[in-house]
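Have the model up on your screens and click along as I talk.

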Amino acid sequence: MASVDIENVSKAYAGMQVMHGVDAAIADGEFVVLVGPSGCGKSTLLRMIAGLEEITGGTIRIGDKVVNGTPPKERNVSMVFQNYALYPHMTVAENMAFSLTLAGAPKAEKDDKVRRAAEILDITPLLDRKPRALSGGQRQRVAMGRSIVRNPAVFLFDEPLSNLDAKLRVQMRSEIKALHRRLGTTMIYVTHDQVEAMTMADRIVVLQAGRIEQVGAPLELYDRPANAFVAEFIGSPSMNLIPARASGGQLQIDGGGAAALPAAAAVPDGARVRIGKRPEEIRPAAGGLPARVENIDPTGSESVVDLTMAGRPLTMVLRERPTFDVGDEIAVTFDNGATHFFDEASGRRLERGSVDGQSSRMAEGDLE
């Protein structure tokens, strides 16, 4: 096992910068998920750790060794790809043992390591089959088994569940988490699916456009997003961000409507902010802010309701069955719960700092 330290790492292709001074410290035995939209640099960062991409600047350490110029095979890492990359003419056992065969390991050692990996992954009955006789989930287990037999210091996963159906994805998430608990090995996992990140990670690294936006435990990112990008990206459905201006102890919502400004959020008059409220914290209520129902998506245990308020989209999640229909005009209010504030210009979370050049203390509070 080993820690992974990424210090001021940058990457450029033909003079175009795609990674901008990334810093991250991954502890020995930690499960860290790199998440972000397509093109954010998460797979590029993973490939630089693996040695499949050269870095342009900075330092990568695995354990106490700087690996900037070290070939992939000497980094003691193992990578599981989205494409299982199994040899079709080999059995499961032969696929799993392939790296050991190349290294000239004795047959007894190969058999022992394959057997132990197969037991961990519950694929012992499949060892004599060829890949064509396996399901997608079984092939992914074989790909993971091929990594386990190498006993690497770090496991790297590049969107390994993308080719699986929804039910199997959920099952494999649990299996990978269980594998991490059993092995205790450092794991770095790339996905674009923020739900996958939330359910699997010890810590999440959120990237956008080659920069790290925030690093933290899943619920830390959900409860205290560092900026508007993280607020919208983490959580499904996304957090609602409502543009407003503070005026006379109230928040004047763009397009009409107002909400009381919590006393704890000392926002100066005239400050431009974006109010952040989770969809589950918005409720129908007589005398609330006017909104129009645009769509209702029942999911069984809850309903996702798309609204338009003051000409802007708003999402509400209800546990109870809706008593209104698409096209109805209703009134909504912001439930008690965490209310987030973000600077409109920079997107940063506002707590202690300045808004429009004025000193303020902006804390989570309740919009009444």
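Let's start at Gln 214, which sits in strand 10, residues 211–216. When I say helix or strand, I mean a DSSP run, H or I of at least four residues for helices and E of at least two for strands, numbered from the N terminus. Before going further: this is a predicted model, where local features need pLDDT of at least 70 and side-chain atom pairs count only at pLDDT 80 or more, while totals for chains, interfaces and linings use all residues. Residues are numbered from 1 along each chain as its sequence is written, and side-chain values use heavy atoms, with hydrogens and water left out.

So, is Gln 214 buried or exposed? Gln 214 is buried, with a relative accessible area of 9%. The cut-offs are under 20% relative accessible area for buried, over 50% for exposed, and partly exposed in between, using a 1.4 Å probe and protein chains only.

What does Gln 214 touch? Setting aside residues up to four places away in sequence, its contacts are Ile 204, Val 205, Val 206, Leu 221, Arg 224, Pro 225, Ala 226 and Val 230. Contact here means heavy atoms within 4.5 Å. With Val 230, 16 residues apart along the chain, the C-alpha separation is 7.4 Å.

The side chain of Gln 214 reaches the backbone nitrogen of Ala 226 at 2.7 Å. A polar atom of that Gln 214 side chain also lies 3.2 Å from the backbone oxygen of Arg 224.

Next stop, helix 6, residues 166–183. Helix 6 has 18 residues and runs 26 Å from first C-alpha to last, close to the 26 Å expected at 1.5 Å a residue. That expected span is 1.5 Å times one less than the number of residues. Its buried residues are Leu 168, Arg 169, Met 172, Arg 173, Ile 176, Leu 179 and His 180. Why do they end up on the same side of helix 6? Because they cover an arc of only 145 degrees around the axis, where the arc is that of the directions from the helix axis to the C-beta atoms. Over on the other side, Lys 167, Arg 181 and Arg 182 are exposed.

And what do the buried residues of helix 6 pack against? Their partners are strand 3 (31–35), helix 4 (107–121), helix 5 (136–148), strand 7 (154–158), strand 8 (186–191) and helix 7 (194–200). Asp 165 caps the N-terminal end of helix 6, with a side-chain oxygen 3.2 Å from the backbone nitrogen of Lys 167. Just after helix 6, Gly 184 has a positive phi of about 70 degrees.

Helix 1, residues 42–50, is mostly covered, with seven of its nine residues buried. Those are Lys 42, Thr 44, Leu 45, Leu 46, Met 48, Ile 49 and Ala 50. Just after helix 1 comes Gly 51, with a positive phi of about 90 degrees.

Most residues other than glycine have a negative phi, and most peptide bonds are trans. Asn 76, in the loop between strand 5 (65–66) and strand 6, has a positive phi near 60 degrees. Asn 76 is partly exposed, at 39% relative accessible area. Ala 85 sits in the loop between strand 6 and helix 2, with a positive phi near 55 degrees. At 43% relative accessibility, Ala 85 is partly exposed as well. As for peptide bonds, Ser 236 and Pro 237 are joined by a cis one, with omega about -5 degrees. You'll find Pro 237 in the loop between helix 9 (228–233) and strand 11 (240–247).

Last, zoom out. The protein is divided into domain 1 (4–228) and domain 2 (238–343), with bounds from an automatic or database domain assignment. Their centres, taken over C-alpha atoms, are 39 Å apart. How many residues are in contact across the two domains? Six residues of domain 1 contact seven residues of domain 2.

Note on methods:
Polar contact = N/O pair within 3.5 Å; in protein donor to acceptor, adjacent residues only side chain to side chain.
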